[in-house]
Amino acid sequence: MSDPNLVRFTKTHEWVRPEGTGEAVIGISDHAQAQLGDVIFLELPAPGAHLAAGQRFGAVESVKAASDLYSPVSGEVLDVNQVAVTAPEIVNQDPQGEGWLLRVRLEGEIPTGLLDPLAYDAFAEGDSH
Amino acid sequence: MSDQEVPLGALHRRLGARMVPFAGYQMPLQYSSIREEHQAVRERAGLFDVSHMGEVRVGGPDAMGYLQRLVTNDVGKLEVGQAQYTVMCREDGGIVDDLLVYRDPDGYMCVVNAARHDDDLAWMRRQLPPSGVGLEDQSDQTCLLAVQGPLSLRILAPLAEGGELGAIPYYHHRAGRVLGVPVRISRTGYTGEDGFELYCDREAAEELFEGILDRGRSQGLLPAGLGARDTLRLEAGFRLYGQDITLEREPISAGLGWVVKLDKGDFVGREALVGAKAQPQLSFIGLRLLGRGIPRPHQPILAGAEPIGEITSGSYGFSVGAGIAMGYVRPGSAPKGSEVGVALRADPAEVGAAQVVALPFYRRPT
């Protein structure tokens with residue numbers, strides 16, 4: 001069995017890290033930030049909003065392009081990373097750490113079909129060519 | 001066709017650059033981040049490799065007369081040691097390219113856009129008289145490095161020989177040496193900051209780039225890529241060939257009437273430009289987004305629901321603190337200070353409000 005708290009990735013380049021308390025943190029992958037380049041604006045839902053797995057929940061806009069964000073899990077938004085909203089360069093500098101986007105209370109199971117880090121790296125590698 | 005490697009390609013990779021195809025070359029997009037490199041140039045200095053640009057020498061007893069017919073600006077006013085921004089047009093006024101013309105004791109040097117190099121050269125050859133003028137394409141053996149930013153002079157002055165760098169006025173140039181490398185030193189640039197452009201032999205370019213970077217690091221000099229070059233030039237209101245100006249646009253509509261000297265005598269495209277001046281087809285405007293969002297090329301400019309024009313360059317202005325854009329509208333449809341809409345996403349419902357503002361968006365503190 002793999003670690004249930006392992007970070008997992010979507011094929012649309014978001015990650016989710018279950019915190020073991022029924023909560024999870026969501027962000028975008030290092031591959032995604034590298035592809036986007038300098039992040040300028042984040043459009044994120046407010047606390048209290050409900051996310052549905054696989055559904056659009058916001059957008060990230062970089063110097064290069066605007067890109068929609070898709071939720072890896074279903075849940076209720078508990079917190080939005082205000083540092084990332086006011087200084088979005090943190091998403092480029094530390095996308096899987098300080099540059100997280102949302103904290104959610106999970107509703108239902110973590111979807112199967114999300115990628116573990118190794119599988120995601122292999123997928124992202126293929127995606128960038 | 002695969003992209004050409006610039007002479008400094010290996011050095012850029014060693015410095016961690018992310019390389020992208022541009023105008024047929026693999027060019028550094030960024031080394032650290034566009035934001036960081038942009039701010040370095042505005043606050044301290046940045047070092048750019050723009051060796052993809054083309055250099056064409058024009059010589060011979062009739063060089064001046066030839067250039068007067070070729071370009072729209074008045075080359076006759078150009079003294080030895082001066083540089084001039086200009087465009088060259090087709091008979092119908094369509095812009096073949098924008099370029100810098102340098103005059104030195106031996107003749108003239110035209111600096112053209114990489115993406116236009118082949119077409120420019122063909123065009124320039126077609127305009128040649130039977131004798132009296134010679135063209136020499138020196139693009140392959142010439143590299144161009146740009147040091148841009150308020151600390152450029154302080155960084156370069158101790159490395160230069162051949163006279164006081166600070167004594168070179170804006171849009172002037174002279175021969176000299178930097179770190180012992182023979183260069184043409186030009187006080188020009190594409191960022192809106194003070195700075196110098198250094199033309200050198202390709203064999204010496206790597207040594208020069210590394211040497212300047214090593215000596216400048218302690219003063220905050222960063223290598224800067226095409227990404228920052230684009231946000232900097234957009235803030236400074238500089239047109240980019242292929243986006244803001246093309247064969248389909250003439251310089252009057254593009255707001256470049258100041259480089260069109262209709263009274264200097266005949267030149268290619270003059271008749272069409274006399275007509276354009278009497279009745280411009282389009283207006284070139286600056287737009288500043290009032291809210292969040294980044295305008296992008298090809299997005300429509302709207303008055304209410306009605307399209308009045310199109311964005312040709314758009315990005316985020318790091319020094320302006322807002323999304324900014326330039327583009328064409330129907331004359332009179334978007335006066336300065338008025339508010340227009342910009343379609344921000346594919347979704348037609350997402351329209352951002354923008355104010356029509358004067359160019360440039362950014363002016364360096366004096």
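Does B:Arg116 count as buried or exposed, and at what relative accessibility? In this predicted model, B:Arg116 comes out as buried, at 11% relative accessibility. Its salt-bridge partner is B:Asp119, and the closest N and O atoms of the two sit 2.9 Å apart. B:Asp119 itself is partly exposed, with a relative accessible area of 43%.

Another arginine of chain B, B:Arg57, belongs to strand β5 (residues 54–59). B:Arg57 has 18% relative accessibility and, with the cut-off for buried set at under 20%, counts as buried too. Its side chain makes a polar contact of 2.9 Å with the side chain of B:Asp104. Leaving aside residues up to four places away in sequence, the neighbours that B:Arg57 touches include B:Asp106, B:Tyr108, B:Met109, B:Leu135 and B:Glu136.

Then there is helix α7 of chain B (residues 226–235), which is largely enclosed by the rest of the structure, because nine of its 10 residues are buried. Just after α7(B) comes B:Gly237, with a positive phi of about 75 degrees.

Over all chains, the count of salt bridges is 23. One of them, in chain B, pairs B:Asp266 with B:Arg69 at 3.5 Å, N to O. B:Asp266 lies in the loop between α7 and α8 (270–278) and B:Arg69 in helix α3 (residues 63–70), so the bridge ties together parts of chain B that are 197 residues apart in sequence. B:Asp266 is exposed, at 55% relative accessible area, while B:Arg69 is partly exposed, at 37%.

Turning to chain A, there are four helices and nine strands, running in the order β-β-β-α-β-β-β-β-β-α-α-β-α. The radius of gyration is 14 Å, which agrees with the value near 14 Å for a compact globule of 129 residues. The C-alpha atoms fill a box of roughly 40 × 35 × 25 Å along the principal axes, and 44% of the residues of chain A count as buried. Of the chain A contacts with a separation of 6 or more, 59% come from residues 24 or more positions apart.

Salt bridges turn up in chain A as well. A:Arg105 pairs with A:Glu76, with 3.5 Å between the closest N and O atoms. This pair links strand β9 (residues 102–106) to strand β8 (residues 75–80), across 29 residues of sequence. Both ends are partly exposed: A:Arg105 has a relative accessible area of 41% and A:Glu76 one of 22%. A network of salt bridges also links A:Arg17, A:Glu19, A:Glu23 and A:Arg103.

As for how the chains meet, 19 residues of chain A are in contact with 14 residues of chain B. The buried area is about 1,400 Å², with 43% of it from carbon and sulfur atoms. On the chain A side, A:Asp38, A:Phe41 and A:Val63 lose the most area, together 42% of what that side buries. The interface holds two salt bridges, one of them between B:Arg35 and A:Glu89 at 3.5 Å, and 12 residue pairs in polar contact. β4(A) gives the most to the chain A side, with five residues. By class, that side has 10 nonpolar, two polar and seven charged residues.

Terms used
Residues are numbered from 1 along each chain as its sequence is written. Chains are lettered from A and ligands numbered from 1 in the order in which they are written. This is a predicted model: local features need pLDDT of at least 70, side-chain atom pairs count only at pLDDT 80 or more; totals for chains, interfaces and linings use all residues. Side-chain values use heavy atoms; hydrogens and water are left out. Contact means heavy atoms within 4.5 Å. Buried area is the accessible area (1.4 Å probe) that two parts lose on being put together, summed over both. A salt bridge is a side-chain nitrogen of Lys or Arg within 4 Å of a carboxyl oxygen of Asp or Glu. A polar contact is a pair of N or O atoms within 3.5 Å; within protein, one must be able to donate a hydrogen and the other to accept it, and residues adjacent in sequence count only if both atoms are side-chain atoms. Helices (H or I, at least four residues) and strands (E, at least two) are DSSP runs, numbered from the N terminus. Ala, Val, Leu, Ile, Met, Phe, Trp, Tyr, Cys and Pro count as nonpolar, Asp, Glu, Lys and Arg as charged, and the others, Gly among them, as polar. Buried means under 20% relative accessible area, exposed over 50%, partly exposed in between (1.4 Å probe, protein chains only). The radius of gyration is taken over C-alpha atoms; the globule rule is 2.2 Å times the number of residues to the power 0.38.
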